[in-house]
Amino acid sequence: MMFRIALGPLQYYWPRQSVFDFYQAVAEGPADIVYVGETVCSRRHELRAADWVDVADMLAQAGKTAVLSTQTLIETGSDAQALRKLCAQQDWLVEANEVGAVRHLQGRAFVAGPYMNAYHGDTLAWLHGLGAVRYVMPLENDRESLRLLLQETPAGLETEVAVWGRLPLAFSARCFTARHFRLRKDDCGFRCIEHPDGLLMETRESQQFLAINGIQTQSAGCMDILDQAAILAQMGVSVLRVSPQSRGTFEAVAALDAMRRGSTPAQALAAGIPLPEGMERCNGYWYGRAGIEWVEPAANEVNVAREA
């Protein structure tokens, strides 16, 4: 089973020392590619741009491929200036999470992030022509859509698929966390730092529905298709991505590493992957269902990859 393991950018606002401790542990683990940087809110100031570069340098010294991720929603002049500066540096590969970053990169190699809306071959060819060396599949795609997308992927363009972690669903100019606490966005008190996995929202019927993370809306559940690693690899996916959560991240990476070393999904996942308190699993998108659902995989699902 041939694939590389990527750790996506940290989506949450964690204390400075917690972030450094986390990435030190990542440096000692089996992940091959690590995306770093603030992708959600420029008001988060525990780590500055120079700190993220220091983290990237530490990871590179540990043998990892470090990638600098750009902010997804550019709202202010200072956001735009920070984006230009990040894209102007040439020491690190950049994950572009919006089209402005692609323009600033001026033809240099980049990774097209999951928010670039690459749903068909023409978009992939366009991104590849602009310098993309890898793209991350849109997070709501199902396995049949991925199979078709892989058939249209230009030669030399790698495919990366997210397999574990809460799913970002939307970004807004409004800060939902500040709104929840009846605060103005510009005077939010940085309340995100109190919620290391986002703030869970429930329906009036007490069903887990969404999570809010500043300006970002996420799935309530942790998307988990770790057991599909072999299928994804056989389909031609080069990189499998884990998105950091406060619990379970290292176990998810270890499970993928065990599978690529020869363990079956049942063996690699036998101990289970711990989740933050109250968080449930979901995998509905992968099966063409509502994303919030959990579908028990069929025993013969390896046939899906063989047919692809």
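# Voids, strands and selected residues in a predicted model

Threonine 159 is buried, with a relative accessibility of 2%. The model is a predicted one. Threonine 159 sits in strand S7, which spans residues 158-171. Its side chain has a polar contact with the side chain of tyrosine 135, at 3.1 Å. Because 2% falls under the 20% cut-off, threonine 159 counts as buried.

S7 and S11 run parallel and are joined by four bridges. In this pairing, tryptophan 164 stands opposite valine 242 of S11. S11 also pairs with strand S1, residues 4-7. Those two strands run parallel too, again with four bridges. Arginine 4 has valine 239 of S11 as its bridge partner.

## Pockets and cavities

Rolling a probe the size of a water molecule over the atoms shows where empty space is left. A search of the whole structure gives four cavities of 30 Å³ or more.

| Space | Volume | Lining by class |
|---|---|---|
| Largest pocket | about 710 Å³ | 13 nonpolar, nine polar, six charged residues |
| Second largest pocket | about 230 Å³ | 11 nonpolar, three polar, one charged residue |
| Largest cavity | about 160 Å³ | nine nonpolar, six polar, three charged residues |
| Second largest cavity | about 120 Å³ | eight nonpolar, two polar, four charged residues |

Start with the largest pocket. Its lining has 28 residues. Nearest its centre lie Arg48, Ala49, Trp52, Ala82 and Leu86. Which elements each supply at least two residues of this lining? They are helix H2 (49-61), strand S3 (65-69) and helix H3 (77-88). H3 gives the largest share, seven residues.

The second largest pocket has 15 lining residues. Pro114, Tyr115, Glu140, Pro168 and Leu169 are nearest its centre. Its lining includes one charged residue.

The largest cavity has a volume of about 160 Å³. It is lined by 18 residues, with Gln11, Tyr115, Pro168, Arg241 and Ser243 closest to its centre. Tyr115 and Pro168 are also among the residues nearest the centre of the second largest pocket. Which strand gives the most to the lining of the largest cavity? S7 does, with six residues.

The second largest cavity holds about 120 Å³ of space. Of its 14 lining residues, Cys41, Arg43, Cys175, Cys188 and Cys192 are the closest to its centre. Four charged residues take part in this lining.

## Serine 145

Serine 145 is placed in helix H6, residues 143-152. Histidine 120 is 25 residues away from serine 145 in sequence. In space, the two C-alpha atoms are 8.9 Å apart.

## Two positive phi values

Glutamine 106 has a positive phi, near 55°. Where is glutamine 106 found? It is in the loop between helix H4 (99-105) and strand S5 (110-112). Its relative accessibility is 67%, over the 50% cut-off, so glutamine 106 counts as exposed.

Phenylalanine 190 is not a glycine either, and its phi is positive at about 55°. Phenylalanine 190 lies in the loop between helix H7 (176-180) and strand S8 (199-202). Its relative accessible area is 28%, so phenylalanine 190 is partly exposed.

Note on methods: Residues are numbered from 1 along each chain as its sequence is written. This is a predicted model: local features need pLDDT of at least 70, side-chain atom pairs count only at pLDDT 80 or more; totals for chains, interfaces and linings use all residues. Side-chain values use heavy atoms; hydrogens and water are left out. On a 1 Å grid over the protein atoms alone, a cavity is a set of points where a 1.4 Å probe fits but cannot get out, and a pocket is an open set with protein on both sides within 12 Å along at least five of seven lines; lining residues have an atom within 4 Å of a point. Grid points are joined across faces, edges and corners, and a volume is the space filled by probe spheres set on the points. Ala, Val, Leu, Ile, Met, Phe, Trp, Tyr, Cys and Pro count as nonpolar, Asp, Glu, Lys and Arg as charged, and the others, Gly among them, as polar. Buried means under 20% relative accessible area, exposed over 50%, partly exposed in between (1.4 Å probe, protein chains only). A polar contact is a pair of N or O atoms within 3.5 Å; within protein, one must be able to donate a hydrogen and the other to accept it, and residues adjacent in sequence count only if both atoms are side-chain atoms. Two strands pair if DSSP finds at least two bridges between them.
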